[in-house]
Every structure is written in C-alpha cells, then in structure tokens.
There are 2 protein chains.
Amino acid sequence: MADSTRPPTPPGSPRGPEPRYGNRPTMKDVAARAGVGLKTVSRVVNGEPGVTPDTERRVQEAIESLGFRRNDSARVLRKGRTASIGLVLEDLADPFYGPLSRAVEEVARAHGALLINGSSAEDPEREQELALALCARRVDGLIVIPAGDDHRYLEPEMKAGVATVFVDRPPGRIEADVVLSDSFGGARAGVAHLIAHGHRRIAFIGDQPRIHTAVERLRGYRAAMEDAGLVIDDSWVALGSTAPERVQEAVKSVLAGPEPVTAIFAGNNRVTVTAVRVLAGHDQRVALVGFDDIELADLLGITVIAQDAAALGRTAAERLFRRLDGVNDEPSQVALETVLVPRGSGEIPPPS
Amino acid sequence: MADSTRPPTPPGSPRGPEPRYGNRPTMKDVAARAGVGLKTVSRVVNGEPGVTPDTERRVQEAIESLGFRRNDSARVLRKGRTASIGLVLEDLADPFYGPLSRAVEEVARAHGALLINGSSAEDPEREQELALALCARRVDGLIVIPAGDDHRYLEPEMKAGVATVFVDRPPGRIEADVVLSDSFGGARAGVAHLIAHGHRRIAFIGDQPRIHTAVERLRGYRAAMEDAGLVIDDSWVALGSTAPERVQEAVKSVLAGPEPVTAIFAGNNRVTVTAVRVLAGHDQRVALVGFDDIELADLLGITVIAQDAAALGRTAAERLFRRLDGVNDEPSQVALETVLVPRGSGEIPPPS
C-alpha cells in the first residue's frame, strides 16, 4: 500500500487558506456575526417561534455567509436517531461494487452508523444530484465512486463539514482523500506476464477513455510493451462501452485479419466476461489476462489481475470515520496493490 | 405471471377500516382537529415563528393523533428537490440484487425520482432501523426485501402515506403489495427434471429455514419427490447458512456413505457456486440443478432455474409508483414464473 500525500495547492487556486475539514463555524460564530444572542440563533435553526422576521433574516444571512451547518450528528444522537454515511456507487449491477459496498457497510456498522447508497448509473449529472440529495438528507459523510470529472459542486458541502472520500477513481478539480487500486502497475504486470509467455502481438480492450481507471490501465499496457521494446499497432487498442455487443465486436476485430493478436488484456471484469465467451467459440487458443477477479474464474481457469474490492471499501470508510473523528490532516491518496492470479488462460503460449 | 388478490382482513384484525393508501390526512384536517386556522398549522409544520407554545402544542397533538405527514413530494418539488424512493436490500454482496436494484433505479428515474438503497445485511433489526431511517429522511415510497418476519413497525408509516412494496419475500404480520418469484413451482420443476433424467436419490441444500424462499423451494422439492412416489431420506436435506464452509460440508455429507445421492438441487446461487466447486473435485459425476442463474454458468454448463431479477425489481417499482400516483386498490401478490435452463449439469444421468 503506497500512501502518497498530494502536492500542495498551486498558487492562484480558488480555495482559500482555511482547512477543509474540521473548524466548522459554530452557533456562537453565527450569533456574533448576526449581533444576536445564542438562544435566538438556536430558535431560527430549530424553527422555533419567537423571532421577528427581521432578526430571522439577519441570522439566515450570517448562516449563509459563514457556511454554518447545524451539527447533525450531535442533534441526531440527541433525538435518538442514528448517524449515517452515504455511498454513491457508479453502477448497481456491477458485481465489483458488491464486496466494496458490503465492506463500507461493515465499517459503518462498527461505528454505529447507517449506510445509505445510491447509484449514478455512470451519469455525472445523476452523481451530482444524488450526492447533494444525500447531503440534503443530512448524511454525516460521503464516499463517492465518481462518474463525472468535475466535483467542485461538493466544495460547499465539504467546507460545511461533510467528510468526503473518493474511491476507485480520483475526484476531478477538487482535492480530497482518495483510495484507488494501482491500475497502472496492475495492468503493466499483467501485460508483462503475457510477454513473458512469448506473446508479441497483444490487444488491450478497455472501458471508455473518460474513465480514469481505463486510462491508467492503458498506460500500464503501453509501459509493459515499451519495456519489452514492442511496437503497438493502433488496431490492437479498443476503448469504449463495456456493453457485450461492443466488446464482442472489439474482440472479433483484433482476432481477424492476416496477423491477429495472440493474446488479449481485458481492461475490467465486464470486458473479461464477454472476451471469455467469444474466445470459447474461437478455433485458435488465445491467451487472456483480465483486470478484476470474477466469480467462478477459478473453475474457468481465467488469469486475472485481482483488485481487493473489500479492502478499497474498508480503507475508504476508515479514512472517512477518521475525518468524522476530527482528524484534520491534508487530503491524501492511497493506492492499493493488485495481485496477479495465474489460472491458465494467461499462460497459453502463442501458436508456434 | 399469476396475480392473486390476498384474502380480506380477518375480523378482529387490529387494522381499522380506513384504506391503507391514499386518503392521507391534510393540513385542513389538522386545523379542524386543533381548532386553529390553516395558516397556523402551516407555521407549525414549517417551523415558522408567530405561534404561541400552547397553540403549537395543540397543533402537534392533532398532527400526532391524525398521523399527519407533511406532503413531502409537493414540498420537495416546490423547493426544487427531487422525489425519492428507498430500497432496503438484504445483502449488498449478493449479485442477485444487482440487476434487481438497477431495474428499480431505472423505473425510478423514468418517474423523475432518486433511488436510495441500504442493506439490512440479513439482520431484522438492521432492516427496521434502515427502513425507518429512510422514512425519517422522507422517501416517498419504500421497496423492501425483508430480512425479518414481523413488519408491523412499518404500519404507522404506511398509514401516514409511505407507499410500500415487498419484493423477493413476503412481509410478516402485515398486508402489503408483494412481488415474488414462484419459488415452489421453480424448485418442483427443477427436481422433476432430475427425476426425469433417472435420479431417485436427490439432495436438497438450501438457505436458512427462517427464510421464506428457502421454505418454498424445499416444499417444491418435496412435492416433486412425492409426485414421483419417491421417499426422501432425512439425510438428503440440509438447510442452513450459505457460507461456503457450511455448504461444502453439506455437499460432502450427501455424497458420503454407502448410498450417496446421485443428484443435488441447490436452493440458491450462493449454494450453487460452492456446490460446483466441490463437484469439480469429486471423482463421481453428480447431477446438479441450481435455483437462480449465475454469471458464466453458461460456460460452465450449469443447469439452473432462472429467476428474472430485473423483472422482480421492475414489477415492484411499477407497483410502487402506481400507489404513489394514487391507485388505492387492495394489496396484492404477484408471483413471477421461473425458467428451467438446461446446460449440461442437470442432464447428467445417474451411474448405471
């Protein structure tokens, strides 16, 4: 596990010098700013009667200018309700997120908190809508698997004290804690494994190029090929949707023509599943290494670069609760190592 | 698809004659009960100033006695927020729930609503806590895959207008819409298939007996055996946790001894996965039919009774939105048919 602190904010960054976490404005700050007593602020915040419209307006203005947010954890505990954290997933139907979600849930439970999930269905607007809806429903913290690449919409929430950790993919245009797998290193190792078994013409079939993990894994493929002094033919690389029809086309395409590839590196579990199906009906034996482990891959003899989805979820959740406990250091990035699991498909030699 | 209306509430039921859905008490009803004007009720509900403590108390009492609940959909739309529905899953890590969740999400999106999930992690207390937390966070409706067998805790919420649909398993001790697969019929067909291929000694390995689907599938197994005039040896039936270690023990046990079974019916996807692994290392060929389809089962030649998880989710969500649109008929139960998918493992004959 590599734990590298991100570089400091560059000069000219729109973010002010105030720390992102902790240091939340209090009711006292609001009272001082509005020039009223603490009781009056409390009345406004809790919607109690006995405040004139004019005073209420001044208090509301102070609340907005300070970015004050009622301390919901404390309030929630007083009312006997449970603290909660939100998890914004990218795709509910992708089995990769099952163990990740479950691990987040277990950490949340150990901290006496409820977990509420939602899915962006790979749509950046939907991600934003969902994350803000969870904030509006007063989650204490957020774990986000991003679909989009601009997360500035979360800055007001984070400044107001909603602890936020990104997992699986980094956030865009903001700084925050992030927990990833080492996609670059994993793909590089997987492709080097194919090269070590004699392959020279190796395809890379991956997810859409706007997705961070797809780009990092492609970078790992290119690095391994370059390490071995191999030149990549453009026709060997296919990025795009992981829908079965698209992947099927891509696999058939790299296997066609007079000089087909002899091995395929599949960029994620969705690609691997379809590639395995196509290769099962192909007359030549073709080597395959896939990024992500798959259920029953052991019985099918599929060699994979395994990520530890549960460790991703657990690490992200632990980081979140550290923030909620008041730890206030700089946001950092953690990259979890991947493991090469040889099971047969990655050890098939090229035709002699 | 069989759509059978449930029997009417028996006499002496604690539920009053008022319909469960629609017919929500309004602010007008609260005002009449409290003997105040509509504006005063609105002030109390929205936490606005200008109400005396005594009046506020009377309004709060009227709210509680009527079970009034602010019409959040309307309010939410006014504030530009999105309507939302909650989905209480039973296990986040079970891939069966992926397509189900995704289908619910798609229907919700078509209705302009957000979906928020949580998981009970198979714990009835956790289910209750989560369902009520979602209600407290003002979901407009709930879809519940129950872990527990007593759902009376949801009655006040349902009476107050939170539309509720159960899916995959029926609710306990309340009446509500429910969408299931035909577990009894599916298991009966699967075991009959094994009998048709010559098997007489057939094991049933299933989930815990407190789970409705486990009981129904066992009932289907017994019915198929009885249909064929076969007597079941007690040692052939093993219900319990679906943890790999327990299932492994159960499979080994029915394959041991002087008269081992020649075929296994696996009660769900978790059981099938472990059974396939054990059978792969067994020296005799043993037939296997599993309830639930599994990813890559086609390549492994596993015969299954397939449920349509997406159809379960879609049907439940459509039923929920029908309720939210004001349809107010009696709660009903829908049982979706299952499909036998022969792929090889279920067609292995007994040793001659």
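This is a predicted model: local features need pLDDT of at least 70, side-chain atom pairs count only at pLDDT 80 or more; totals for chains, interfaces and linings use all residues.
Chain A is made up of 13 helices and 13 strands. Of its 352 residues, 54% count as buried. Among the contacts in chain A with a separation of 6 or more, 68% are accounted for by residues 24 or more positions apart.

Two packed helices are described by the angle between their axes and the distance between the axes. In chain A, the axes of helix α1 (residues 27-34) and helix α3 (residues 53-66) come within 9 Å and cross at roughly 120 degrees. Because angles of 65 to 115 degrees count as roughly perpendicular and only those over 145 as roughly antiparallel, α1(A) and α3(A) are oblique to each other. The crossing in which α1(A) passes α3(A) is right-handed. On the side of α1(A), the contact is made by D29(A), V30(A), R33(A) and A34(A), while α3(A) contributes R58(A), V59(A), A62(A), I63(A), S65(A) and L66(A). Classified by residue type, this contact of α1(A) with α3(A) comprises six nonpolar, one polar and three charged residues.

Positive phi values in residues other than glycine were examined in each chain. In chain A, E122(A) has a phi near 65 degrees, a positive value in a residue that is not glycine. E122(A) is placed in the loop between β3 (113-119) and α6 (124-136) of chain A, and with a relative accessible area of 27% E122(A) is partly exposed. In chain B, A121(B) has a positive phi of about 50 degrees, although A121(B) is not a glycine. The residue A121(B) is found in the loop between β3 (113-119) and α6 (124-136) of chain B. Because buried means under 20% relative accessible area, A121(B), at 15% relative accessibility, counts as buried.

In chain A, A203(A) lies in strand β7 (residues 202-206) and is buried, with a relative accessible area of 0%. When its neighbours within four places in sequence are left aside, A203(A) is in contact with Y221(A), W236(A), V254(A), V261(A), A263(A), I264(A) and F265(A).

Apart from neighbours within four places in sequence, the residues in contact with V165(B) are L142(B), I143(B), V144(B), D177(B), V179(B), A316(B), R319(B) and L320(B). The C-alpha atoms of V165(B) and G190(B), residues that are 25 positions apart along the chain, are separated by 28 Å.

Terms used: Residues are numbered from 1 along each chain as its sequence is written. Chains are lettered from A and ligands numbered from 1 in the order in which they are written. Side-chain values use heavy atoms; hydrogens and water are left out. Axes are lines fitted to C-alpha atoms, for helices over the stretch in contact, and angles run from 0 to 180 degrees between N-to-C directions. Helices (H or I, at least four residues) and strands (E, at least two) are DSSP runs, numbered from the N terminus. Angles under 35 degrees count as roughly parallel, over 145 as roughly antiparallel, 65 to 115 as roughly perpendicular and the rest as oblique. A crossing is left-handed if the near helix is turned anticlockwise from the far one by less than a right angle, and right-handed if clockwise. Contact means heavy atoms within 4.5 Å. Ala, Val, Leu, Ile, Met, Phe, Trp, Tyr, Cys and Pro count as nonpolar, Asp, Glu, Lys and Arg as charged, and the others, Gly among them, as polar. Buried means under 20% relative accessible area, exposed over 50%, partly exposed in between (1.4 Å probe, protein chains only).
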